[in-house]
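Entries follow in the order I checked them.

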Amino acid sequence: METVFKPFLDLLREIYIGSEVEQTWIIDSNPGYGITAAIKELTAKEASTPLVRAGSTVAAHTEHLRWSIEFALKFYSGEQPSGDWEESWMVRKVNETEWEQLQLALLVAYQKLIYALKEVKDWSNPHLLKGTLALLPHAAYHLGAVKQLIIAVKAKE
């Protein structure tokens with residue numbers, strides 16, 4: 001499992017944090033940053049700005065990712081949670097303090113996820129393995145959406 005697990009963690013880090021090396025697999029190496037670095041560039045107002053009426057915001061994507069990681073962590077602790085995905089999209093607008101807290105909460109959730117993943121000893125449950133593998137495309141999708149929102153929001157200014 002180690003031969004697959006380390007690259008998996010590297011890719012997850014690339015998406016959430018960015019790459020520490022020039023070569024990247026998912027994100028652009030120039031400017032080469034992941035979700036947490038990309039969203040740092042935004043003010044709360046920008047993070048709360050939808051492109052279209054009732055559209056999603058960067059704040060909404062950030063909270064959705066934080067929520068989904070916290071949801072996944074319950075599985076790693078042995079729980080079988082039920083979740084309402086609608087609640088993961090409830091945060092759409094934030095003030096500066098809330099935006100700073102949300103960014104930190106996403107980073108902390110990511111760090112807890114990495115710790116939890118490293119603690120898993122038994123990968124025989126196919127749902128656990130499939131759910132873990134799904135973390136990559138899920139985060140990559142939201143990284144792409146967030147980067148497009150950032151470009152559009154900055155262009156409106």
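**Entry: H4 against H5.** I began with the axes of H4 and helix H5 (residues 96–119), which come within 9 Å and cross at roughly 30°. Helices here are DSSP runs (H or I, at least four residues), numbered from the N terminus. Axes are lines fitted to C-alpha atoms over the stretch in contact, and angles run from 0 to 180 degrees between N-to-C directions. The crossing angle therefore makes H4 roughly parallel to H5; I used under 35 degrees for roughly parallel and over 145 for roughly antiparallel. The passage of H4 over H5 is a left-handed crossing (the near helix is turned anticlockwise from the far one by less than a right angle).

I then listed the contact (heavy atoms within 4.5 Å). On H4 the residues include Val 58, Leu 65, Ile 69 and Leu 73. On H5 they include Trp 99, Leu 102, Leu 106 and Leu 113. I sorted the H4–H5 contact by class and got 15 nonpolar, one polar and four charged residues. For the classes, Ala, Val, Leu, Ile, Met, Phe, Trp, Tyr, Cys and Pro count as nonpolar, Asp, Glu, Lys and Arg as charged, and the others, Gly among them, as polar.

**Provenance.** This is a predicted model, with residues numbered from 1 along each chain as its sequence is written. Local features need pLDDT of at least 70, side-chain atom pairs count only at pLDDT 80 or more, totals for chains, interfaces and linings use all residues, and side-chain values use heavy atoms, with hydrogens and water left out.

**Entry: H4 against H6.** Next I took H4 with H6, whose axes lie 10 Å apart at an angle of about 170°. H4 and H6 are therefore roughly antiparallel to each other. Among the contact residues, H4 gives His 61, His 64, Ser 68 and Ala 72, and H6 gives Thr 132, Leu 135, His 138 and His 142. The classes in the H4–H6 contact are 11 nonpolar, six polar and no charged.

**Entry: the cavity.** How many cavities of 30 Å³ or more does the whole structure hold? I found one. A cavity is a set of points on a 1 Å grid over the protein atoms alone where a 1.4 Å probe fits but cannot get out; lining residues have an atom within 4 Å of a point. The largest cavity has a volume of about 40 Å³, taken as the space filled by probe spheres set on the points, which are joined across faces, edges and corners. Its lining is Leu 12, Tyr 16, Ser 68, Ile 69, Leu 113, Leu 135, His 138 and Ala 139. H6 gives the most to this lining, three residues. Six residues of the lining are nonpolar, two polar and none charged.

**Entry: the pockets.** A pocket is an open set with protein on both sides within 12 Å along at least five of seven lines. The largest pocket holds about 390 Å³ of space. It has 17 lining residues, with Phe 71, Ala 72, Phe 75, Gly 131 and Thr 132 nearest its centre. Helix H4 (58–76) and helix H6 (126–156) each supply at least two of the lining residues, and the largest share, eight residues, comes from H6. I counted eight nonpolar, seven polar and two charged in the lining of the largest pocket.

The second largest pocket holds about 220 Å³. Of its 12 lining residues, Asp 28, Leu 143, Gly 144, Lys 147 and Gln 148 lie nearest its centre.

Definitions and conventions:
Angles under 35 degrees count as roughly parallel, over 145 as roughly antiparallel, 65 to 115 as roughly perpendicular and the rest as oblique.
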